[in-house]
Amino acid sequence: MERRIIHIDMDAFYAQVEQHDNPKLKGQPVIVGGRSFSRGVVSTASYEARKYGVHSAMAISRAHKLCPDGIYLRARFDRYREVSSQIMDIFLSYTDIVEPLSLDEAYLDITHLVNKKRPAKQIALHIQHDIFEKTGLTSSSGISYNKYLAKLASGMNKPSGTTVIDYKNVHDILMDLDIGDFPGVGKVTEEKMHRLKIFNGQDLYDQDENFLIHHFGKRGRSLYEKARGIGTNQLDYDRERKSIGKETTFSYDRNDDEEMIRVLKNLAEQVSNRLDDKKLCGRVVTVKIRHEDFSIHTKQTGTSNPIYRTDEIYEVAHHLYYELKNPSIPIRLIGVTVSELEKRAYRNMTIYDFLK
């Protein structure tokens with residue numbers, strides 16, 4: 001069966017997180033990677049900084065020459081991982097077939113979701129909308145029938161783009177593509193291509209497979225296939241979920257225990273529903289709290305029997321919340337996770353179950 005693969009790529013992820021967390025940085029050239037006088041390299045540059053020629057993997061010293069008035073920040077990987085985890089939860093709410101590539105990009109196989117009334121592009125747009133609603137960040141998506149073309153498509157209309165490559169347009173897109181824009185063609189390979197009079201996809205397409213193998217070794221076959229839109233549609237993903245969790249980020253700090261308990265019960269119900277859908281249960285419950293300064297605090301406990309019902313999860317989470325919560329510090333985010341998952345089996349009725 002032909003697959004439908006989405007490649008989601010966050011737009012200037014680290015820089016965008018910094019601009020989101022500090023609204024004063026919005027519209028400013030933000031360069032994440034180190035101070036302007038450091039010897040490091042650029043991790044991410046905002047689109048405002050890219051107008052000056054700054055890009056990832058560039059030496060910070062070079063970036064500073066191009067953009068002396070830029071705002072240079074050290075990376076906050078704990079924060080980026082936290083946001084990445086929220087995005088991954090959104091992906092997993094659509095499909096279990098997810099192949100993360102890094103903190104800010106992943107492949108999703110959505111073949112099972114597609115039908116005549118719900119095309120792949122509509123699903124991609126829903127995912128991008130969910131990401132924005134949850135995190136306030138924009139992303140770009142590419143949709144195609146294999147991973148290579150999906151990744152190519154996601155970079156074609158950044159930022160906030162959604163691009164489909166199918167059998168109707170794949171040939172025209174690839175033929176017009178600059179040779180340096182093909183995935184896997186770096187500067188050295190591009191220079192060699194130019195010496196061989198290969199400047200775009202059409203030039204690559206016109207080459208014999210043996211010619212490409214002769215000049216590029218084993219990569220020659222891959223280049224031959226790329227010019228024809230051939231690539232794998234098999235995702236490398238973790239077939240066994242390690243945990244299932246849900247969290248809520250508030251638009252402003254909250255410090256009302258009654259409200260937090262209502263949210264906690266709702267989160268426990270959402271986690272329970274996901275566990276029930278997957279016919280799973282778990283032995284460890286974790287509650288996470290984040291404060292306005294982005295400090296994160298967690299507390300977890302194990303259960304004697306694996307659990308999956310809302311009331312079971314909520315009861316444990318309720319106790320953890322009161323052990324974890326500092327009454328004087330308001331909350332910006334709260335989450336509930338069940339881990340150490342296993343397939344659900346019928347349990348012997350215990351007195352505890354009977355009384356419940």
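Contact here means heavy atoms within 4.5 Å, and buried means under 20% relative accessible area, exposed over 50% and partly exposed in between (1.4 Å probe, protein chains only). Helices (H or I, at least four residues) and strands (E, at least two) are DSSP runs, numbered from the N terminus.

The model is predicted, so local features need pLDDT of at least 70 and side-chain atom pairs count only at pLDDT 80 or more, while totals for chains, interfaces and linings use all residues. Residues are numbered from 1 along each chain as its sequence is written, and side-chain values use heavy atoms, with hydrogens and water left out.

**View 1. Helix H10 and its buried face.** Let us start with helix H10, which spans residues 209-216 and has Glu209, Leu212 and Phe216 buried. Seen down the axis of H10, these buried residues fall within an arc of 65 degrees (taken from the directions from the helix axis to the C-beta atoms), so they line one face of the helix. Asn210 and His214 are exposed, on the face turned away from the buried side. The cover over the buried residues includes helix H8 (187-195), helix H9 (201-205) and helix H11 (219-226).

**View 2. Helices H4 and H5 packed together.** Two packed helices are described by the angle between their axes and the distance between the axes. Axes are lines fitted to C-alpha atoms, for helices over the stretch in contact, and angles run from 0 to 180 degrees between N-to-C directions. For H4 (residues 77-94) and H5 (residues 120-135), the angle is about 145 degrees and the axes are 10 Å apart. Look for Val83, Ile87 and Phe91 among the H4 residues that meet H5, whose own contact residues include Ile123, Ile127 and Ile131.

**View 3. The hairpin of S5 and S6.** Strands S5 (residues 98-102) and S6 (residues 105-109) pair in the antiparallel sense over 4 bridges. A hairpin of 2 residues joins S5 to S6, and Glu99 stands opposite Tyr107 in S6.

Technical notes:
Pairing = 2+ DSSP bridges.
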